[in-house]
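This report asks the reader to look at one protein model, part by part. Please keep the sequence and the three-dimensional view at hand while reading.

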Amino acid sequence: MSAAYDLIIRNGTVITATERMRCDIGVQAGHIAALAGNLQGAARTTIDATGMLVLPGGIDSHCHIEEISSTGLTTADDFYAGGVSAAAGGTTTLMPFAAQQRGQSLGAVVREYHRRAEGRAFVDYGFHLGISDPTQEVLEQELPALIRQGCTSVKIYTTYDTLKIADRQILDVLDAAKRMGAIVMVHAENSDAIAWMTARLLQAGKTAPRFHPESRPQVAEREAVHRVIALAELVDVPILLVHVSGREALEQIGWARNRGLKVYAETCPQYLLLTAADTCKPGFEGAKFIFSPPAREKADQEELWRSLANGLVQVISSDHSPYRYQGPQGKQVHGPDAPFTKVPNGIPGLETRLPLLFSEGVGRGRIDIHTLVALTATNAARIYGLYPRKGTVAVGSDADLAIWDPEVGVTISQEMLHDRMDYTAFEGMKVKGWPTITISRGEIVWSGGEVRGSPGRGQFLRCDRPMDLSGYRCLRKPPPTKTLGET
Ligand code: DUC
Ligand code: ZN
Ligand code: ZN
């Protein structure tokens with residue numbers, strides 16, 4: 001008797017980080033149950049994916065969902081709106097932060113973020129731990145318990161007065177992570193250099209948004225990147241540098257790799273597609289492009305694209321950090337003439353991340369499609385302990401899939417997006433390729449421009465210990481298409 005499936009996707013071209021397969025996919029109870037040419041059996045739902053590419057659902061491994069900043073502002077999207085927006089752009093897993101502020105218990109912070117997500121999350125999610133107060137109690141008691149509960153990654157800052165930790169504390173965090181098998185993500189910019197530059201700019205009356213990039217020059221990022229690499233070498237533990245913005249940080253990462261150090265790196269579409277000049281928009285519009293580190297120059301974009309193709313950078317996240325342009329929680333919270341220092345940092349990007357990379361990366365021949373999958377799903381799954389449940393298309397994996405129409409043309413506009421924002425930094429950009437159907441644990445959640453599914457369907461993901469990526473390189477040459485045998 002032939003098998004019965006909940007869902008069969010027929011005639012698609014399945015793409016993973018290493019394979020291109022003409023095959024059907026059988027889904028049962030939320031998992032991929034079969035991959036085969038001309039799959040036999042019946043299904044309650046069948047999707048004809050002729051002419052389409054079937055990719056693993058994306059993992060956005062750095063985003064800020066309903067996060068309260070140290071200045072008391074909350075990011076615009078909750079776990080429902082963020083999840084819907086992600087799904088509409090082909091992403092099925094989110095990894096936001098449970099962000100500690102000084103004096104808070106880390107365990108209590110994580111409980112609060114669980115409360116925010118439960119009953120609201122639309123796609124599956126795990127939590128990174130944002131640590132700004134690494135007391136002995138946090139590192140020796142709370143952290144081990146949270147790691148056992150499936151939060152196996154930690155983010156620290158070298159900048160922002162209320163978040164940054166000193167070198168000695170960084171060493172303590174790295175040492176704790178090493179003993180417990182967690183991975184440390186670092187926002188690396190030299191805080192004093194930024195404060196010094198900022199004071200000079202403000203004194204000279206240079207307060208407009210366009211001075212934000214000048215206040216955070218590459219040398220400030222380069223110094224902090226080098227320093228945290230050195231601290232990680234001293235402790236002998238891998239680290240991941242988040243939102244790497246340009247050439248100078250990349251040079252340090254390349255130097256570390258050549259020394260044999262396990263230094264991973266992440267970048268974001270804004271560093272590949274925007275420049276510092278975007279903050280020069282008329283009036284206060286430049287505030288829409290204030291994020292840190294800032295976008296750099298064209299030459300930095302080119303170097304970043306190269307670093308994606310050659311494996312220097314492993315992960316592309318959105319760093320979705322949505323503060324609306326208007327309103328009391330937004331960019332103009334301190335008025336339309338506020339100095340750049342008072343503008344909340346961050347831009348949205350959950351929904352546009354994959355289509356921008358598909359179009360600008362694969363479409364323009366800067367990266368191949370397997371590298372795209374590795375950078376936007378598989379590598380994050382491995383680094384953050386979700387592989388092979390997430391991040392690939394394989395028998396036994398969760399049926400998280402995005403069915404892409406590689407030919408459809410879309411002009412990005414805020415109107416078409418599903419987040420709670422009132423602007424996108426990518427307004428007017430034309431892309432080719434968009435997911436027509438997104439499937440999360442076997443359930444169609446986005447199809448033909450419609451969102452399906454209810455708040456709370458997303459599940460918390462207990463992450464395992466991070467997986468080593470050494471020896472796992474991006475492909476330089478696409479693999480041949482495999483045609484799988486029939487069943
Ligand atoms: N760092 C982030 O990772 N996100 C938003 C703001 C910031 O500085
Ligand atoms: Zn950061
Ligand atoms: Zn961030």
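The sections below cover the basis of the model, its metal sites, a sheet, the nonpolar cores, a helix and some backbone features.

## Basis of the model

The model is predicted, and local features need pLDDT of at least 70, while side-chain atom pairs count only at pLDDT 80 or more and totals for chains, interfaces and linings use all residues. Residues are numbered from 1 along each chain as its sequence is written, chains are lettered from A and ligands numbered from 1 in the order in which they are written, and side-chain values use heavy atoms, with hydrogens and water left out.

The zinc ion (ligand 2) is coordinated by three residues: K155 through NZ, H187 through ND1 and H243 through NE2, at 2.1 to 2.5 Å. Donors here are N, O and S atoms within 2.8 Å of the metal (3.2 Å for Na, K and Ca), and sites may look incomplete because water is not among the atoms. Along the chain, the donors of the zinc ion (ligand 2) have the spacing K-x31-H-x55-H. K155 belongs to strand β12 (residues 153-157) and H187 to strand β13 (residues 183-187), so this pair ties together parts that are 32 residues apart in sequence. Helices (H or I, at least four residues) and strands (E, at least two) are DSSP runs, numbered from the N terminus. K155 is buried, with a relative accessible area of 2%, and H187 is buried with a relative accessible area of 2%. Buried means under 20% relative accessible area, exposed means over 50%, and partly exposed lies in between (1.4 Å probe, protein chains only).

The zinc ion (ligand 3) lies 4.2 Å from the zinc ion (ligand 2).

## A four-stranded sheet

Four strands make up an open sheet with mixed pairing, in the order β5-β4-β1-β6. At its edges stand β5 (31-36) and β6 (42-48), each with a single partner strand, so one side of each is left without a neighbour in the sheet. From one strand to the next, the twist averages 25°. For this angle, axes are lines fitted to C-alpha atoms, for helices over the stretch in contact, and angles run from 0 to 180 degrees between N-to-C directions.

Strands of a sheet pair through backbone hydrogen bonds, either parallel or antiparallel. Strand β1 (residues 4-10) and strand β4 (residues 24-28) run antiparallel and are joined by three bridges; two strands count as paired if DSSP finds at least two bridges between them. I8 has G26 in β4 as its bridge partner.

## The nonpolar cores

A nonpolar core is a set of buried Ala, Val, Leu, Ile, Met, Phe, Trp, Tyr and Cys residues joined through side-chain atoms within 4.5 Å. The largest one has 124 residues, of which I156, L174, I239 and L241 touch the most other members. Helix α12 (residues 369-383) gives the largest share of this core, nine residues. Another core lies apart from it and has 19 residues, among them V14, I25, V27 and I437.

I239 has contacts that include L174, I183, V184, V228 and Y264, not counting residues up to four places away in sequence. Contact means heavy atoms within 4.5 Å.

## Helix α7

Helix α7 (residues 218-235) has 18 residues, which at 1.5 Å a residue should span 26 Å; its end C-alpha atoms are 26 Å apart, which agrees. The expected span is 1.5 Å times one less than the number of residues. Buried residues in α7 include A224, V228, L231 and V235. After α7 comes D236, whose phi is positive, near 65°.

Most residues other than glycine have a negative phi, and most peptide bonds are trans. H243 is not a glycine, yet has a positive phi of about 30°. H243 is placed in the loop between β14 (239-241) and α8 (247-258), and is buried, with a relative accessible area of 2%. R441 has a positive phi near 45°, lies in the loop between β18 (430-440) and β19 (443-447), and is buried at 18% relative accessible area.

The peptide bond from S292 to P293 is cis, with omega near -10°, and P293 is in the loop between α9 (269-273) and α10 (298-309). The bond from Y387 to P388 is also cis, with omega near 5°, and P388 is in the loop between α12 and β17 (401-411).
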